[in-house]
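Dear colleague,

Please find below the structure that I am handing over to you, followed by an account of what was found in it.

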Amino acid sequence: MKQVRAYTDGACSGNPGPGGWGVVLESHGHTRELLGAQEHTTNNRMELQAAIEALNSLTEPCEVEVVTDSTYLKNGMQSWLVNWKRKGWKTSEGKPVKNQDLWRQLDALVATHRVHWHWVRGHTGVEGNERADALANEAIARMLES
């Protein structure tokens with residue numbers, strides 16, 4: 001099974017506000033970068049979108065190490081998701097899960113790969129994470145210029 005490392009990051013100028021996501025994919029000595037933006041969104045939605053775009057870009061089932069500085073994304077995938085699904089997409093307080101549309105997309109994509117989630121502290125010099133952050137901010141800048 002092909003091994004891929006995906007650095008993912010989301011950014012928002014205001015929260016909510018214009019947002020961007022960035023991805024750095026590394027596999028067998030090759031690097032690919034992806035980025036995109038939305039006019040009105042939140043930082044959490046952009047973190048989720050980055051992971052979705054990373055997994056969606058893969059053309060075959062892979063073993064994927066997703067590296068993120070988002071505890072929301074990591075905890076959601078590793079701890080909260082199973083209970084949300086069991087409770088009909090409700091939180092422990094019985095409220096609808098926020099960003100459910102994106103969580104559902106991500107859950108479906110994860111099912112086609114072997115995914116490992118790794119958290120890193122943001123803005124601490126982790127090269128792939130720093131680049132994903134720069135891509136997310138570049139996406140916002142490009143959208144605001146056009």
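Histidine 113 is found in the loop between H3 and E5; here helices (H or I, at least four residues) and strands (E, at least two) are DSSP runs, numbered from the N terminus. This is a predicted model, in which local features need pLDDT of at least 70 and side-chain atom pairs count only at pLDDT 80 or more, whereas totals for chains, interfaces and linings use all residues. Residues are numbered from 1 along each chain as its sequence is written, and side-chain values use heavy atoms, with hydrogens and water left out.

Is histidine 113 buried or exposed? Its relative accessibility is 10%, so histidine 113 counts as buried. The term buried means under 20% relative accessible area, exposed means over 50%, and partly exposed lies in between (1.4 Å probe, protein chains only). Leaving aside residues up to four places away in sequence, histidine 113 touches Leu55, Leu58, Glu60, Pro61, Cys62 and Val64; contact means heavy atoms within 4.5 Å. Leucine 58 is 55 residues from histidine 113 along the chain, and the C-alpha atoms of the two are separated by 9.3 Å.

**The sheet**

The structure has an open sheet of 5 strands in the order E3-E2-E1-E4-E5, with mixed pairing. Two strands pair if DSSP finds at least two bridges between them. E3 and strand E5 (114-119) are the edge strands, each pairing on one side only. From one strand to the next, the twist averages 20°. Strand E1 (residues 2-12) and strand E2 (residues 17-27) run antiparallel and are joined by 8 bridges. Within this part of the sheet, aspartate 9 stands opposite glycine 22 in E2.

Helix H4 lies across E1, E2 and E3 and runs at about 140° to E2. For such values, axes are lines fitted to C-alpha atoms, for helices over the stretch in contact, and angles run from 0 to 180 degrees between N-to-C directions.

**The buried side of H3**

Which residues of H3 are buried? They are Leu102, Trp103, Leu106, Asp107, Leu109 and Val110. These residues lie on the same side of H3, because they cover an arc of only 165° around the axis; the arc is that of the directions from the helix axis to the C-beta atoms. The buried residues of H3 pack against H1, H2 and E5.

**Aromatic residues**

The structure holds 4 aromatic pairs. In tryptophan 80 and tryptophan 84, the ring centres are 5.9 Å apart and the planes stand at 45°, so this pair is tilted. Rings of Phe, Tyr and Trp (its six-membered ring) pair if their centres lie within 6.5 Å; planes under 30 degrees apart count as stacked, over 60 as edge-to-face and the rest as tilted. Tryptophan 80 and tryptophan 84 are 4 residues apart in helix H2 (residues 71-86), and therefore about one helical turn separates them. Tryptophan 80 is partly exposed at 34% relative accessibility, whereas tryptophan 84 is buried at 10%.

Tryptophan 84 also forms an edge-to-face pair with tryptophan 103, at 5.1 Å centre to centre and 65° between the planes. Tryptophan 84 lies in helix H2 and tryptophan 103 in helix H3 (residues 100-110), so this pair ties together parts that are 19 residues apart in sequence. One aromatic cluster is formed by Tyr72, Trp80, Trp84 and Trp103.

**Salt bridges**

The structure holds 6 salt bridges, a salt bridge being a side-chain nitrogen of Lys or Arg within 4 Å of a carboxyl oxygen of Asp or Glu. In one of them, the closest N and O atoms of glutamate 33 and arginine 131 are 2.8 Å apart. That pair links distant parts of the chain, with glutamate 33 in strand E3 (residues 30-41) and arginine 131 in helix H4 (residues 127-145), 98 residues apart. Glutamate 33 is partly exposed at 37% relative accessibility, and arginine 131 is partly exposed at 32%.

Arginine 45 forms a salt bridge with aspartate 101, with 2.9 Å between the closest N and O atoms. Arginine 45 lies in helix H1 (residues 43-56) and aspartate 101 in helix H3, so the pair ties together parts that are 56 residues apart in sequence.

Aspartate 107 forms a salt bridge with lysine 85, the closest N and O atoms being 2.9 Å apart. This pair links aspartate 107 in helix H3 with lysine 85 in helix H2, 22 residues apart. Lysine 85 is partly exposed at 41% relative accessibility, while Asp107 is among the buried residues of H3.

Yours sincerely
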